[in-house]
Amino acid sequence: MFLAQPADWSVMADRAPALDDVRMQRWADLVEHRTGITIPVERHAFLGAGLRGRMQQLGIADYDGYYRLLANERGVSQEWSQLVDRLTVHETAFFRHAPSLQLLTDEVLPAFVARNTAKATGFQVWSLGCSTGEEPYTLAMLIQRYLDQAGSDQLFGITATDISRPALQSAREGSYTERRMAGVAPEYRARFCVDTGDDHWRIAESLRRRICFAQLNILEARGFPVSNLDLIYCQNMLIYFPRYQRLQILDMLAQRLAPGGVLVLGPADMPCWAHSEFERIRFEGTLAFRRQVAGTASVKGT
Ligand SMILES: C[S@@+](CC[C@H](N)C(=O)[O-])C[C@H]1O[C@@H](n2cnc3c(N)ncnc32)[C@H](O)[C@@H]1O
């Protein structure tokens, strides 16, 4: 993941006391090691500005004190989450990638309904790097609408994870301005959203309760308790990780899908990925893979 570049960061960077190159690289290494966020040298000024901004909030005067605080934290703590939130891009939108959504309604959901007349857990989804919630809410609207139209009484559930606590807080709230709702068609608004009258819409409770939001650093997901999934939807997150980490992440995700389950990536995320138990789904404009058989074969990039 590369650094975000908010407009006023250059100003903040100018005010920040200089960090020498060695210490800056130490910071960049720590952030990459703990979060996967890659910070190339040409972006070090922005890392410095992000650090400085957070330190000012905390009243910490020196970089080394803040470094010690973060280096001693286990996992991705509250403080890591705050820093990462300053360093990453949360850009997202409702109904963001139309071809992938079309794939769900044309192929993935029909296949699930056809083969699972009574799966006890229903259709289980994992939305990774869910940011402020637009992606999992989009999936929930589509799935509910599809199941209703198909006359299916299957249930569904979505686990939505992100490293950023502020983004997740906003996602749980499920309240969006008219501008952010731009991609939501009137039919979906009428059915799944409530106009709260202050230029905001709130996702209806019936949909919100289908989604469980949780903080998760994808690099620490090995013990994360989701498995036997029908759909993993992971877009615009992998592309920022180095190739070796993308492969590790995909290996871990592959093991979480049920036979017949589908992994949907962003079209540019990892087009050359291959796995002995997965077939590429040929659906225009998408990058998606279906699990054929259960097992634990290793993942290879080509
Ligand atoms: C550009 S947003 C993508 C949002 C959504 N998937 C979409 O396509 O619209 C990338 C998200 O990945 C999250 N992220 C970055 N590094 C992460 C990590 N190591 N573990 C989990 N989430 C991470 C960021 O917090 C951010 O919300």
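A nonpolar core is a set of buried Ala, Val, Leu, Ile, Met, Phe, Trp, Tyr and Cys residues joined through C-beta atoms within 7 Å. Buried residues have 20 or more other C-beta atoms within 10 Å of their own, exposed ones have 12 or fewer, and partly exposed ones fall in between, with C-beta atoms placed from the backbone.

The model shown is predicted: local features need pLDDT of at least 70, side-chain atom pairs count only at pLDDT 80 or more, and totals for chains, interfaces and linings use all residues. Residues are numbered from 1 along each chain as its sequence is written.

**View 1. Meet the largest nonpolar core, with 68 residues.** Val125, Ile232 and Leu263 have the most contacts inside this core. Helix 7 (residues 134-149) gives the largest share, 6 residues; helices (H or I, at least four residues) and strands (E, at least two) are DSSP runs, numbered from the N terminus.

**View 2. Here are the contacts of Val125.** Two residues are in contact if their C-beta atoms, placed from the backbone, lie within 7 Å. Leaving out residues up to four places away in sequence, Val125 touches Leu139, Phe156, Ile158, Leu229, Asp230, Leu231 and Tyr233.

**View 3. An open sheet of 3 strands runs in the order 3-5-4, with antiparallel pairing.** Strands pair if DSSP finds at least two bridges between them. Strand 3 (175-177) and strand 4 (193-195) are at the edges with a single partner strand each, so one side of each has no neighbour in the sheet. Look for Thr177, whose bridge partner in strand 5 is His200.

**View 4. Cys193 sits in strand 4.** Cys193 counts as buried because it has 22 C-beta neighbours inside 10 Å.
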